[in-house]
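Reader: I have a structure open and a few things to ask about it. Can we go through them one at a time?

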Amino acid sequence: MKIVNPVLSGFHADPSIIRVGDTYYIANSTFEWFPGVRIHESKDLVHWNLTTSVLDRIELLDMKGDPCSGGIWAPDLSYADGKFWLVYTDVKIVNGVFKDMYNYLTVAEDIHGPWSAPIFLNGVGFDASLFHDEDGRKYLIQQTWDHREYHNAFRGLTLTEYDPEAKRLKPETARTIYDGTEIKTVEGPHLYKINGYYYIFAAQGGTTWTHQEVVARAKTLQGPYETEPGDPFITNFDTPNHVLQKQGHGALVETPSGEWYYASLCGRPLHHAIENFYDPRGWCTLGRETSIQKVYWDEEGWPRIVGGHGGLVEVDAPKDAVFTKAPETHAVYDDFMAGKLDGEWNTLRVPFSEHMGSVGQGSLKLIGRGSLSNPFDLSLTARRWRDFAFTAVTKVKFNPYSYQAMAGLANYYNNEHWSWIFITRDDNGNRVIEVAECDNRKYTSVLKEDAVIIPEGTEWVWFQTVVDHLDYWYAYSFDGEIWHRIPVKLDAMVLSDDYVMSHYGGFFTGAFVGLAAVDYSGYGSEAEFGFFEYRV
């Protein structure tokens, strides 16, 4: 059996992996999308199933007002004392000299919960993780933020003891134990004790093409820590032709029989035919995904990646792997018969509620709220792009008052980068179909005066988006069988981390496809969606 990377495709960044018995769990960042912290499980490291999203209530996660690419950064999942421990960061400022953030801890005896009320830890820095030492003491290790403009903002890794009885950190114990290397931007630390050494695994170089993972070790917890000699533990900076790029920022896990694996974020860039393959290196429309590499230990006791520091696409599965049944495709048909949205649907910053709409008995109803550029009040529910080529289809019933009300099918990265096909009303009183794109805050109507008039008596309109690598387009139908393609191709590059990074400081998520209703007039026009299908 082979692990084929990425094991979690589409926006599954910053993996934290553990094993409990014969089951592996991966927790991933979710940023401004709700619910927070997706957890997948597997018994073979090959096939993975979404098992839960931990932060599923406002008590655990209140992201109202969080900026795009704020919210949940780099959660840490661990298991000790018969409990699951999850440390997570809610980042309130992304751009600028400050990174206001709140680090929390929640605990559960079962991975499915119930999870405890959040315990506030600190705001020293993001990417915090909890280390359970052999003597039972617990420590938080985290990136440390320094706002002073004459210092590097990434001020090393701080270690602070945690008192589980008092449920608080002991700030008097805090000290910097590792500064990283000259690569700078040290973050995402995980701490392990293996064969008498304390090992720090940490990311460096920023989460782009220069990304890497560095390893350091010491005989004592407080250090001093020595950096692994030679090449970085993992990086794709010098492997530009590799399918996998940006690897780094991850966690280590041991199998029951003593094999070692490392779960890492990665990206898979696409290229336009006319572009230099190396500059730009490409466009990761699926965001940062999760890969797994096999690890061996050299004669000096340092971890190394099997196949070299660039990693492999196909990796040998553990010898003791227990086959795990999982879906073979990301295809889905949702008839909205259930009384709640399934775990693959996400909303922005807040949970799906009656304010946004309702679901069940064969329809999803969305109440028009703010525009797709509104970071505070938006009726959008969406799913990750999981494939480079797919088709998404829905049907919608909508009777808007004016051009200020719209409802349809959207492709969305953040509030400055999105597009959609939608029903609205023109100045002549006709219900019409339009396509629009927002590219770095620049809004463009595709059809304008040539918007498609919906025939009188038409109740439902079918919408379709077809994504073919870096090209995508929209189509409509009045019967669900005969399709009319809008004669404009859009560039999926606009929905990639790498494109957004060139305009905006937050570029940490990935493209989504979903359903939306807008009524910025404030009258709350309601749209009804009859189904959603994702085909590959």
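Reader: Is Arg155 buried, exposed or partly exposed?

Author: Keep in mind that this is a predicted model. Arg155 is partly exposed, because its relative accessible area is 39%, which falls between the 20% and 50% limits.

Reader: And which residue forms a salt bridge with Arg155?

Author: Asp146 does, and the closest N and O atoms of the two are 3.7 Å apart. Asp146 is buried, with a relative accessible area of 7%.

Reader: How many salt bridges are there by this rule?

Author: The count comes to 26 salt bridges. One of them joins the side chains of Arg137 and Glu161, at 2.8 Å from N to O.

Reader: Where do Arg137 and Glu161 lie?

Author: Arg137 is in the loop between strand 11 (129-132) and strand 12 (138-145), while Glu161 belongs to strand 13 (residues 154-163). The two are 24 residues apart in sequence, so the pair ties together separate parts.

Reader: Buried or exposed, for Glu161?

Author: Glu161 is buried, because its relative accessible area of 9% is under the 20% limit. Arg137 counts as partly exposed, at 39% relative accessibility.

Reader: What about Glu228, which side chain does it meet in a salt bridge?

Author: Glu228 meets Arg304, at 3.2 Å from N to O. This pair links distant parts of the chain, 76 residues apart. Glu228 sits in the loop between strand 19 (226-227) and strand 20 (234-235), and Arg304 in strand 24 (residues 303-305). Both Glu228 and Arg304 are buried.

Reader: Which residues are linked in a network of salt bridges?

Author: Asp66, Asp90 and Lys92 are linked in that way.

Reader: Over how many bridges do strand 8 and strand 9 pair?

Author: Strand 8 (residues 83-91) and strand 9 (residues 101-108) pair over 8 bridges, in the antiparallel sense. As one example, Thr89 has Asn103 in strand 9 as its bridge partner.

Reader: Now the cavities. How many are there of 30 Å³ or more?

Author: By this rule there are 2 cavities.

Reader: What lines the largest cavity?

Author: The lining includes Asp14, Pro15, Asp127, His190 and His249. Strand 7 and strand 16 (187-194) are the elements that give two or more residues to this lining. By class, the lining residues are 5 nonpolar, 4 polar and 3 charged.

Reader: And how much space lies in the second largest cavity?

Author: About 30 Å³. Its lining is made up of Val435, Val446, Trp473, Tyr474, Ile486, Val488 and Leu490.

Reader: How does the lining of the second largest cavity divide by class?

Author: That lining has 7 nonpolar residues, with no polar and no charged ones.

Technical notes:
Residues are numbered from 1 along each chain as its sequence is written. This is a predicted model: local features need pLDDT of at least 70, side-chain atom pairs count only at pLDDT 80 or more; totals for chains, interfaces and linings use all residues. Side-chain values use heavy atoms; hydrogens and water are left out. Two strands pair if DSSP finds at least two bridges between them. Helices (H or I, at least four residues) and strands (E, at least two) are DSSP runs, numbered from the N terminus. On a 1 Å grid over the protein atoms alone, a cavity is a set of points where a 1.4 Å probe fits but cannot get out, and a pocket is an open set with protein on both sides within 12 Å along at least five of seven lines; lining residues have an atom within 4 Å of a point. Grid points are joined across faces, edges and corners, and a volume is the space filled by probe spheres set on the points. Ala, Val, Leu, Ile, Met, Phe, Trp, Tyr, Cys and Pro count as nonpolar, Asp, Glu, Lys and Arg as charged, and the others, Gly among them, as polar. A salt bridge is a side-chain nitrogen of Lys or Arg within 4 Å of a carboxyl oxygen of Asp or Glu. Buried means under 20% relative accessible area, exposed over 50%, partly exposed in between (1.4 Å probe, protein chains only).
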